[in-house]
Amino acid sequence: MDFAKLMSAQIKKGKERASPAAASEKKYLKRSEIEAQRQAAYRAEQEAEERAREERLAKKRKADEEEAEKEAERQEKRRRLAEESRRIREEEEEAEERKRRNRLGLPDLPPKQKDGEEGTPVPEEEDISEEVLVDKLRNLNEPVRLFGETHKQRLKRYKKRIGADSLAAIMTDGPIPTTLQLVPEKDMKVEVQIPKETEARKFLFRQLASYFTMVLKEWDITLALRDADVKESYQGKQAYAAMVQARENMRPLFKKLEKFDLPDSILQPVVEIVHAAQERRYVDANDGYLRLSIGNAAWPIGVTMVGIHERSAREKLHENENSAHILSDESTRKYLQSIKRCLSFAQTRWPPTDQMQLMG
C-alpha cells in the first residue's frame with residue numbers, strides 16, 4: 001500500500017470540502033457589493049414603512065367610516081326630533097287658529113290633507129292666477145314657492161294664511177297681520193277721552209292698531225334702507241333684533257284690540273301716549289308711559305320701620321299690596337316696553353318742532 005498516495009488523496013478531499021466555505025466568506029468586498037447591500041437594506045426599510053403607513057391609513061379609514069355612521073345616526077335622530085317638534089308646533093298653531101276662528105265667527109279649518117294629496121279641487125270662481133297669487137304671498141311676507149308645491153297647494157296655503165277658505169276674510173297686510181280694518185293716516189288722530197259708544201270704541205281700537213302698524217312698518221323700512229356695512233355691524237344687528245322683538249311682543253296687544261277687550265286702566269294711558277306722540281310731544285308721551293308702568297304709588301325706600309310705632313304715611317304702602325301691579329303680567333309688560341321702543345323710533349322718524357320735547 002502506497003502511503004504517499006493515500007495521504008495525497010485525503011489532502012485533496014479535504015481541500016475540495018473546505019473550498020465552498022472559503023469561497024462564501026470573503027475577507028474583502030467590492031464597493032459595488034457594499035452599495036448593493038445598502039440599497040437592499042434601504043428597500044427593506046422603505047417596504048416596512050410603507051406597510052406600517054398602509055396599516056395606519058386602514059385604521060384611520062375604518063375610524064372615519066365608524067364616525068360617519070355615528071354622525072348619520074345623530075343626523076337621523078335630530079331629523080326625527082325636528083319633525084316631531086314641527087308636528088307638535090303645527091298642532092298647537094292649528095288649535096290656536098281654531099280658537100281664533102271661533103272667537104271671530106269664521107268658518108272652521110278644513111280637515112288636514114295628508115302629504116301628497118291635493119284634496120278637493122279649487123272652484124274656478126275662487127281660483128287666482130299665478131302672478132296675482134305670487135304678489136299676494138309676497139305682500140304677506142310668505143315664501144312664494146315651496147319645494148314640490150303645486151299651484152293648488154300654494155293657493156290653499158294662501159287661504160290658510162289669510163284665515164278663510166273662500167278668500168272672504170280680510171287679513172290686513174303689515175308687520176302684524178290683524179283682522180281689524182286699518183284706517184288711513186289722516187284718520188289715525190285719536191282723542192284723549194275714551195268714547196262710551198260701542199262703534200266709536202271699536203273705531204278707536206282700529207286707530208290704535210293703524211298707528212302702531214304704521215310705526216312698525218316705517219321702522220322696518222328705515223332699517224332696511226341702511227348701508228350693508230351698518231347692517232352687518234354689531235350695533236346694526238342689535239337694532240334689527242330690537243325691532244323684531246318689539247314687533248313680536250306687540251302681538252298680544254293686537255289680539256286684545258281685535259277682541260275689543262282692552263281694559264280702560266290700560267286703554268286710557270295708551271290713548272294718552274299715542275295722542276301725545278301724534279302731536280310730537282314725546283316727553284309728555286314718555287311721562288304717560290311712566291305713569292302707566294310705574295304709577296304714583298308709594299314705594300318703600302330706605303328704612304321703613306323705626307321704633308315700635310308706624311309713621312302715618314306708612315299705611316299707604318299697604319293700601320294696594322293685595323292688588324296686582326300692571327307690570328306683573330309678562331305679556332302686558334312686554335307690549336308696554338314695545339310701545340316705549342316705538343316712541344323712541346317715532347321721535348327720530350317724526351322729530352318734534354320743539355326740541356324740548358325730545359326724550360333723553
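## The annotated segment

Over residues 135–160 the chain is 58% helix and 0% strand, with the end C-alpha atoms 16 Å apart. Helices (H or I, at least four residues) and strands (E, at least two) are DSSP runs, numbered from the N terminus. UniProt, in an unreviewed entry, places the feature "domain: Pre-mRNA processing factor 4 (PRP4)-like" at residues 135–160. UniProt positions follow the numbering used here, feature names are shortened, and annotations may be inferred rather than shown by experiment.

## Basis of the model

This is a predicted model, in which local features need pLDDT of at least 70 and side-chain atom pairs count only at pLDDT 80 or more, while totals for chains, interfaces and linings use all residues. Residues are numbered from 1 along each chain as its sequence is written, and side-chain values use heavy atoms, leaving out hydrogens and water.

## Overall architecture

The protein chain has 11 helices and 0 strands, and from the N terminus on its elements run α-α-α-α-α-α-α-α-α-α-α. Among contacts (heavy atoms within 4.5 Å) between residues at least 6 apart in sequence, 62% join residues at least 24 apart.

Of the 360 residues in the protein chain, 25% are buried, that is, under 20% relative accessible area with a 1.4 Å probe, protein chains only. The chain exposes about 25,500 Å², of which carbon and sulfur atoms supply 53%; accessible areas come from the Shrake-Rupley method with a 1.4 Å probe.

## Surroundings of Q207

Q207 is found in helix α5, which spans residues 198–224. With a relative accessible area of 8%, Q207 is buried. Not counting residues up to four places away in sequence, Q207 touches V183, D187, M188, K189 and V190.

Terms used:
Buried < 20%, exposed > 50% of the residue type's maximum accessible area, 1.4 Å probe, protein only.
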